[in-house]
Amino acid sequence: MMQIAIDFDSVMCNTMQQWCKELNKVVPEYLARNVDSLSFCSMELNYLTLLNKQIWAPLLRPDFWLSVQPLDGAVEAVKNLKKAGHEIFVVTSTRFDCMQEKYAFCLSRWFPFISYEDIIICKRKDRKSVV
């Protein structure tokens, strides 16, 4: 049995794609981004004209998390790892005030076999570290 940590956003679900769609609604068209054109892990650095409050606002809404979908094959792959006896942890870099909606309206909906206790919340994942 292995302990496996899987990133949630853009590995298990299309969070970043949906977030870009939401932010593109409030920026001029020439500043709109798609998930493939993001230069930085931090959305604040990708949408410099928006206030921090504007950037994070979509993630506080339940309807945003209802729009997030699992990536093709993600549910089955994680389910198969769990069935094979592996211990699965979901890793996410998110603000704590967004986590309740993220879990209630998205993660528990698509991955009901992952318990809240098996979620690792961190501030950022873009630094190299030794585990």
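This report describes strands, a nonpolar core, a cysteine pair and several individual residues in a predicted model.

## Strands and crossover

Strand 2, residues 87–93, pairs with two other strands. Strand 1 (residues 3–7) runs parallel to strand 2 and is joined to it by five bridges. Within this pairing, F89 of strand 2 is the bridge partner of A5. Strand 3 (residues 119–122) is also parallel to strand 2, with four bridges between them. Here V91 stands opposite I120 of strand 3. Between strand 2 and strand 3 the chain passes through helix 6 (residues 96–110), forming a right-handed β-α-β crossover.

Five of the seven residues of strand 2 are buried, so this strand is largely enclosed by the rest of the structure. In general, side chains in a regular strand alternate between the two faces of the sheet.

## The nonpolar core

The largest nonpolar core contains 31 residues. F8, W19, M43, Y47, I55 and F111 are the members with the most contacts inside this core. At least two residues of the core come from each of strand 1, helix 1, helix 3 (52–56), helix 4 (62–67), helix 5 (74–83), strand 2 and helix 6.

Beyond its neighbours within four places in sequence, F8 is in contact with C13, T15, W65, V90, V91, T92, K102, C106, L107 and F111.

## The cysteines C13 and C106

Two of the residues in contact with F8 are C13 and C106. Across the whole structure, the search finds zero disulfides.

Both residues are enclosed. C13 is buried at a relative accessible area of 0%, and C106 is buried with a value of 0%.

## S10 and T15

S10 is located in the loop between strand 1 and helix 1. Its phi is near 70°, a positive value in a residue that is not glycine. Most residues other than glycine have a negative phi. With a relative accessibility of 34%, S10 counts as partly exposed.

T15 belongs to helix 1, which spans residues 15–24. At 2% relative accessibility, T15 counts as buried. The side chain of T15 makes a polar contact of 2.8 Å with the side chain of D9. When neighbours within four places in sequence are left aside, the contacts of T15 are F8, D9, S10, F64, W65 and V68.

Apart from residues up to four places away in sequence, D118 touches K82, I88, F89 and V90. One of these residues, F89, is the strand 2 partner of A5. By contrast, the C-alpha atoms of D118 and W56 are separated by 24 Å, and the two residues are 62 residues apart along the chain.

Terms used
Residues are numbered from 1 along each chain as its sequence is written. This is a predicted model: local features need pLDDT of at least 70, side-chain atom pairs count only at pLDDT 80 or more; totals for chains, interfaces and linings use all residues. Side-chain values use heavy atoms; hydrogens and water are left out. Buried means under 20% relative accessible area, exposed over 50%, partly exposed in between (1.4 Å probe, protein chains only). Two strands pair if DSSP finds at least two bridges between them. A crossover is right-handed if, with the strands pointing away from the viewer, the path from the first strand over the helix to the second runs clockwise. A disulfide is a pair of cysteine sulfur atoms within 2.5 Å. A polar contact is a pair of N or O atoms within 3.5 Å; within protein, one must be able to donate a hydrogen and the other to accept it, and residues adjacent in sequence count only if both atoms are side-chain atoms. Contact means heavy atoms within 4.5 Å. A nonpolar core is a set of buried Ala, Val, Leu, Ile, Met, Phe, Trp, Tyr and Cys residues joined through side-chain atoms within 4.5 Å.
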